Structures are given as structure tokens and as C-alpha cells.
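Subject: The structure I promised you

Hi there,

Here is the structure to open alongside this note. Have a look at it, and then read on for what turned up.

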Amino acid sequence: VEGKPGVYVVSRSIEDRLDRTLADLRDRTVFDFSSAEARRLESKSADRVVELAKTDARWRMLQPLNARASQAKINDLLNDLSALRVLDFVSDDAKDLVTYRLNEPVREVSVWKGESTDAQTLLIGRSPTNDTTKVYAKTKGSNAIITIPAATVEKLDVAPNDWRDQSLFGFAEPDVQGLVFQRGVNQIALTRTNDQWKLTAPITAPAEGAQVAALLT
């Protein structure tokens with residue numbers, strides 16, 4: 001210890017732990033959010049902008065069309081983005097943006113979390129010529145040029161309709177308070193009060209709750 005005369009023997013693991021490169025010590029996290037925190041997601045490319053937002057715990061597409069979004073697909077993508085890690089630290093020189101073709105990125109991905117108005121944005125370039133499993137990337141506001149797995153980026157390269165909810169109805173069975181069947185002029189109507197279903201048209205009578213619940217499911 002500097003300033004002390006004693007000489008000590010310590011575990012070799014101390015030296016091994018200190019024998020690290022700069023890349024070994026750098027944070028490899030790309031996005032700082034959990035899928036539950038995300039409130040808005042935007043993907044921009046040369047030919048389209050896809051914007052999705054979460055309202056009342058459900059995702060909806062806002063651009064290029066207004067439609068219900070697939071909750072499973074959006075959550076799957078958010079899990080991938082939140083788990084995204086840097087493969088290589090390539091450069092920290094801003095002048096290298098042109099070299100790695102990040103001055104005109106192939107895609108921009110932005111995520112907003114919680115109540116924040118500031119987005120976390122990732123600029124995505126092309127793959128290295130010798131390795132198509134990676135793509136060059138850079139987070140906006142940082143000079144670090146990195147590589148990330150191409151597989152995650154490929155999930156963003158889909159048509160807008162691929163993000164849409166494929167289910168015909170967007171509801172949860174416990175939330176339904178009424179149900180109407182119409183065929184021509186004939187109508188059957190049911191309502192739920194205090195978790196009890198009853199027929200209200202064409203007659204008023206108790207309904208078989210289990211059958212109604214199975215139908216809604």
C-alpha cells in the first residue's frame with residue numbers, strides 16, 4: 001500500500017479483475033427501459049413511419065393508420081429492445097458517422113417511457129461487409145458507434161398490418177356489461193348486473209351465466 005512499508009500477498013484474482021480493457025468496463029445496455037414502462041414507440045425508415053402508443057394499458061397504432069395493435073407482438077418487440085446489448089464498440093469519433101453510414105441511418109427507433117417527453121432514440125445503419133449478423137448503430141446524443149444483433153432490427157422491418165391486432169373484438173370478458181344479437185328484425189339482448197346475466201329482449205328472464213361467459217370467451 002502506497003505510503004506503508006509492508007509487503008502483502010493477495011489473491012491473484014485481484015490482478016485478473018483489474019486486467020480489463022475499456023470495452024470490458026463499458027455499459028453495454030442500449031435502451032434504458034423495461035417493457036412495462038414503455039408508453040410510445042416509433043420506427044422510422046425511408047419509406048414509412050410506424051407510431052404506436054399505449055393508452056389504458058393497451059397498445060394502438062397511430063401511424064400510418066389508426067388501428068388496434070397486437071399486444072403480444074408489441075410486448076415481444078419491447079422485451080427484445082429492452083434486452084438489447086452492444087456486441088462491439090467500434091468508434092467514439094463523431095467523424096466516423098459517414099464511414100459507418102450512420103449519417104443517413106437505415107432506420108431510427110425511438111422509445112418513450114413513463115411520463116417522460118424525451119425519447120431514447122437508436123440510429124441503425126447497415127451490416128459490416130464481413131458479418132451480416134450485426135448492424136452498425138448509435139444512440140442519439142452519444143458519439144459511440146456500436147454493433148448490435150441484426151435479428152432484433154429485422155423484427156422492425158415488417159408491414160404496418162403485421163402490427164395490427166388480429167382478434168376481431170378487443171375486449172376482456174369481465175369488462176363486458178351488455179350483449180346484443182341482431183338478425184333481421186329479431187333481437188336478443190343480455191345485460192350484466194352485479195356479475196349476474198339476464199335476458200332483456202325479447203323477454204326479461206335470468207340468463208345462464210356460464211353459457212354467456214363461454215360465448216364471450
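Let me begin with a charge and a ring: the charged end of Arg40 sits over the ring of Trp112, 3.8 Å from its centre. A charge counts as sitting over a ring if NZ of Lys or CZ of Arg is within 6 Å of the ring centre and within 35 degrees of the ring normal.

Two notes before the rest. This is a predicted model, where local features need pLDDT of at least 70 and side-chain atom pairs count only at pLDDT 80 or more, while totals for chains, interfaces and linings use all residues. Residues are numbered from 1 along each chain as its sequence is written, and side-chain values use heavy atoms, with hydrogens and water left out.

Now the aromatic pairs. Rings of Phe, Tyr and Trp (its six-membered ring) pair if their centres lie within 6.5 Å; planes under 30 degrees apart are stacked, over 60 edge-to-face and the rest tilted. That rule gives three aromatic pairs. One of them is edge-to-face, because the rings of Phe31 and Phe33 have centres 5.8 Å apart and planes at 70 degrees. Both Phe31 and Phe33 are buried (buried means under 20% relative accessible area, exposed over 50%, partly exposed in between, with a 1.4 Å probe and protein chains only). Phe169 and Phe171 make a tilted pair, 5.8 Å centre to centre with 55 degrees between the planes. Here Phe169 is exposed, at a relative accessible area of 58%, and Phe171 is partly exposed, at 40%.

Next, the strands (DSSP runs of E, at least two residues, numbered from the N terminus). Strand β7 (residues 120-124) has four of its five residues buried, so the rest of the structure largely encloses it. Strands pair if DSSP finds at least two bridges between them. β7 pairs with β6 (residues 107-113) in the antiparallel sense over five bridges, and three bridges join β7 to β8 (residues 134-139), also antiparallel. Leu123 of β7 is the bridge partner of Glu108 and stands opposite Lys138 in β8. In the hairpin of β6 and β7, with six residues between the strands, Gly114 takes a positive phi near 55 degrees.

Best wishes,
A colleague
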